[in-house]
Amino acid sequence: MTSIDTAAAKRAAEAVPSIPCDAEGPVFREPWEAQAFAMALALHARKLFTWPEWAATLSAEIKKAQTAGDPDTGETYYRHWLNTLERLVSEKGVADATTLKRYFDAWDHAADRTPHGAPIELKPEDFS
Amino acid sequence: MAGHDHDHDHDHHHEHGSELSETQLRVRALETILTEKGYVDPAALDAIIEAYETKIGPRNGAVVVAKAWTDPAYKQALLDDASKAVASLGHMSRVGDHLVAVENTPQRHNMIVCTLCSCYPWEVLGLPPVWYKSAPYRSRAVKDPRGVLADFGIDLPKETEVRVWDSTAETRFLVLPMRPAGTEGWSEERLADLVTRDSMIGAGLAKKPEELAR
């Protein structure tokens with residue numbers, strides 16, 4: 001298992017200066033933001049990209065969003081982060097847009113057939 | 001991920017499916033692909049999230065509890081309609097309509113289980129601990145709540161009844177822990193420091209004043 005600790009998170013926050021932080025490190029508004037952050041840390045640990053490369057791609061995503069009218073209030077920061085993840089995963093040949101869409105649809109299907117209050121799990125039939 | 005192992009009575013509504021936002025779907029899709037391809041280890045992701053669990057969400061519950069301890073009218077309003085009372089503090093935008101506050105007393109200790117999908121009010125309580133989602137914890141908390149509490153180092157008096165609440169998408173719970181002794185005259189702000197996440201799910205008690213200094 002790739003070991004990842006808060007020191008790695010601190011290094012990420014230093015390398016990518018716009019990460020929302022308090023005195024002790026990154027803060028998140030919603031659980032999915034922490035998940036997206038954790039995935040970037042894990043992929044960086046696997047050397048899929050360097051932090052300067054990440055920062056450049058993220059900054060391009062933010063510019064693109066601003067051009068499209070993003071209010072840039074900080075609340076959308078992790079949306080850009082998620083776009084960056086998808087873009088790098090695709091550019092590095094891990095999963096293309098079609099694959100991402102297939103899994104997206106499968107999870108949507110899984111949520112749809114799962115009663116409220118039960119854990120949502122992905123099953124092979126969700127891909128059909 | 002844990003299976004659906006509820007072995008107790010509950011009234012989850014089964015006529016509606018669950019819903020995930022577009023963003024949540026994208027995050028789940030990525031995580032599944034990266035896990036299947038061996039790029040990420042779900043346990044490693046959990047470890048990162050656990051390291052930041054106190055940094056996720058606004059955790060306004062402590063403010064709510066401290067206010068209820070000092071203001072009897074607010075406490076009554078909270079027990080009457082927690083969604084309304086919590087929203088009246090003004091800093092929570094998405095509490096949901098069905099938050100219920102349950103009060104711990106010397107006669108009764110309340111515990112909350114079942115934190116699946118959207119059931120858990122993380123906007124109020126912060127993120128649940130990772131262990132809280134595990135199937136063994138949930139089933140044991142229902143069968144042997146006193147034993148689970150003992151594992152957390154909490155020995156309740158024999159005469160205290162333990163009541164377990166099953167959180168659902170329809171009704172979510174906030175435990176109002178007992179105010180610790182020796183805190184007479186404390187400000188709301190100081191009291192809020194005593195309110196832990198675990199005390200608001202009934203898996204712990206509020207800190208004692210002497211535990212703050214440690």
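Predicted model: local features only at pLDDT ≥ 70, side-chain atom pairs only at ≥ 80, totals over all residues.
In helix H4(A), the residues Arg79(A), Leu82(A), Asn83(A), Leu85(A), Glu86(A) and Val89(A) meet Thr23(B), Arg26(B), Val27(B), Leu30(B) and Leu34(B) of helix H1(B). Sorted by class, the contact of H4(A) with H1(B) holds six nonpolar, two polar and three charged residues.

**H4(A) with H1(B)**

- Helix H4 of chain A, residues 77-91, packs with helix H1 of chain B, residues 22-36, at an angle of about 35 degrees, and the two axes are 11 Å apart.
- The crossing in which H4(A) passes H1(B) is left-handed.

**H2(A) with H2(B)**

- H2(A) passes H2(B) in a crossing that is right-handed.
- On the side of H2(A), the contact is made by Ala34(A), Gln35(A), Phe37(A), Ala38(A), Met39(A), Leu41(A) and Ala42(A), while H2(B) contributes Leu45(B), Ile48(B) and Ile49(B).
- Of the residues in the contact of H2(A) with H2(B), nine are nonpolar and one is polar, and none is charged.

**Helix H2(A) itself**

- With 15 residues at 1.5 Å a residue, H2(A) should span 21 Å, and this agrees with its end C-alpha atoms, which are 21 Å apart.
- Because twelve of its 15 residues are buried, H2(A) is largely enclosed by the rest of the structure.
- The buried residues of H2(A) include Pro31(A), Trp32(A), Glu33(A), Ala36(A), Ala40(A) and Leu43(A), and among them are also Ala34(A), Phe37(A), Ala38(A), Met39(A), Leu41(A) and Ala42(A), which take part in the contact with H2(B).

**Lys47(A), after the helix**

- H2(A) is followed by Lys47(A), which lies in the loop between H2 and helix H3 (51-67) of chain A.
- Although Lys47(A) is not a glycine, this residue has a positive phi of about 60 degrees.
- The relative accessible area of Lys47(A) is 72%, and because a value over 50% counts as exposed, Lys47(A) is an exposed residue.

How values were computed
Residues numbered from 1 in each chain as written. Chains lettered and ligands numbered in written order. Heavy atoms only, no water. Left-handed = near helix turned anticlockwise from the far one by under 90°. Helix = DSSP H or I, 4+ residues; strand = E, 2+ residues; numbered from the N terminus. Contact = heavy atoms within 4.5 Å. Nonpolar A, V, L, I, M, F, W, Y, C, P; charged D, E, K, R; others polar. Expected span 1.5 Å × (residues − 1). Buried < 20%, exposed > 50% of the residue type's maximum accessible area, 1.4 Å probe, protein only. Axes fitted to C-alpha atoms, helices over the stretch in contact; angles between N-to-C directions.
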